[in-house]
Amino acid sequence: GATAPGGMVGSMREVGDLRRQSATSAWLPIIYGCDKTCTYCIVPFSRGPERSRPFDDVVAESRALAAQGYKELTLLGQNVNSYGHDLPVEPRFEHIRRARELGRSIELDGRPDIAELLHSIRDVPRIRFVTSHPWDLSDRLIAAMADCPSVCEHLHLPVQSGDDAVLRRMGRQYSIAAYLELVARLREAVPGITLTTDVIVGFCGETDAQFERTLDLLREVRFETVFAAAFSVRPGTPAGRLEDDVPRTEKKRRLQALLDLQEGIGLAANEAWVGRTTQVLVDQQRPALSHGDGAGAGRPRLAGRNRNNKLVHFDGPESLIGALVDVRVEKAGPYALVGSLDD
């Protein structure tokens with residue numbers, strides 16, 4: 001179990017209605033629950049096993065959103081890319097042949113998957129999906145990300161630790177070598193893809209050397225954003241039976257060290273956008289910028305995200321909210337880009 005940035009999946013309701021974040025973007029749940037083995041996570045116990053929504057229901061609701069004018073659709077699930085493994089085999093999906101290379105082996109042939117959904121959802125300019133688990137990042141899904149024009153060039157792929165022994169204690173059931181192979185396949189198939197991740201520091205038994213391997217992983221992969229947290233035990237999880245032996249002060253030190261490293265990586269990644277023009281889906285008017293946004297304070301701005309999920313601020317009329325506009329990037333901070341409308 002991994003949590004989507006901002007806790008979005010944790011608040012997902014088990015109903016068929018559409019969740020709307022704004023007048024431009026909508027969230028569409030496609031799978032509930034979790035079958036994974038993460039020892040720190042309560043979701044498999046609190047929300048039950050994975051349950052995929054019927055394929056035709058998801059496609060119909062996506063079409064309804066497109067007809068209503070939504071420009072961005074995010075498919076949601078605690079482990080969104082495991083969609084479909086629990087649905088019945090159907091002749092129309094007989095062309096689907098796949099197998100898990102990581103985690104538990106399950107029967108997948110002849111069942112719909114998220115790749116099939118991405119190919120079937122039409123007329124929405126942008127499609128995202130969150131949160132993905134390395135177990136289910138199949139070749140079919142990677143190919144669909146490359147082949148479907150609407151699928152945004154961004155993936156949130158939680159790694160949680162850069163050390164194999166810690167990953168085993170976490171119940172993640174993949175190695176760092178396997179994770180890095182997925183990263184390489186993603187970057188080969190989708191040039192320029194933005195990768196973000198989750199990391200837990202100070203998990204039970206984590207040594208200084210094991211934590212340093214997590215920092216090494218950040219230096220190697222160069223994630224654009226890392227959602228990091230210090231470990232705290234959730235009652236009722238398997239990790240509650242492990243010794244929480246990393247002192248609180250050390251957890252805090254490690255978390256700050258990781259955040260300091262990542263801020264530099266994120267800034268360098270954002271600076272690479274300066275001078276480029278990028279398409280932004282305008283979704284809000286923002287208050288005056290803070291110093292962390294890489295520009296002077298005091299001016300209200302419009303804001304939105306590009307296909308790589310970069311937050312972009314720029315001046316413009318409120319009438320642009322809901323529009324796709326081209327913005328030339330002029331400045332960069334560690335967490336956002338600043339630019340002007342490209343006339």
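Gln173 lies in the loop that links α5 (164-170) to α6, where helices (H or I, at least four residues) and strands (E, at least two) are DSSP runs numbered from the N terminus. The model is a predicted one, in which local features need pLDDT of at least 70 and side-chain atom pairs count only at pLDDT 80 or more, while totals for chains, interfaces and linings use all residues. Residues are numbered from 1 along each chain as its sequence is written, and side-chain values use heavy atoms, with hydrogens and water left out.

**Backbone exceptions**

Most residues other than glycine have a negative phi, and most peptide bonds are trans. Gln173, although not a glycine, has a positive phi of about 60°, and Asn309, likewise not a glycine, has a positive phi of about 70°. Asn309 sits in the loop between β11 (301-306) and β12 (311-314). The table gives their accessibility, for which buried means under 20% relative accessible area, exposed over 50% and partly exposed in between (1.4 Å probe, protein chains only).

| Residue | Relative accessible area | Class |
|---|---|---|
| Gln173 | 38% | partly exposed |
| Asn309 | 26% | partly exposed |

A cis peptide bond, with omega about 0°, joins Val130 and Thr131, and Thr131 belongs to the loop between β6 (126-130) and α4.

**Helices α4 and α6**

The axes of α4 (residues 139-147) and α6 (residues 176-189) come within 9 Å and cross at roughly 30°; this makes α4 roughly parallel to α6. Axes are lines fitted to C-alpha atoms, for helices over the stretch in contact, and angles run from 0 to 180 degrees between N-to-C directions; those under 35 degrees count as roughly parallel, over 145 as roughly antiparallel, 65 to 115 as roughly perpendicular and the rest as oblique. With contact meaning heavy atoms within 4.5 Å, Asp139, Ile142, Met145 and Ala146 of α4 meet Arg185, Leu186 and Ala189 of α6. The residues of this contact divide into five nonpolar, no polar and two charged, where Ala, Val, Leu, Ile, Met, Phe, Trp, Tyr, Cys and Pro count as nonpolar, Asp, Glu, Lys and Arg as charged, and the others, Gly among them, as polar.

**The three-stranded sheet**

An open sheet of three strands runs in the order β7-β8-β9 with parallel pairing, two strands being paired if DSSP finds at least two bridges between them. β7 (154-156) and β9 (225-230) stand at the edges with a single partner strand each, so one side of each is left without a neighbour in the sheet. Six bridges join β8 (residues 194-201) to β9, and Val199 has Ala228 in β9 as its bridge partner.
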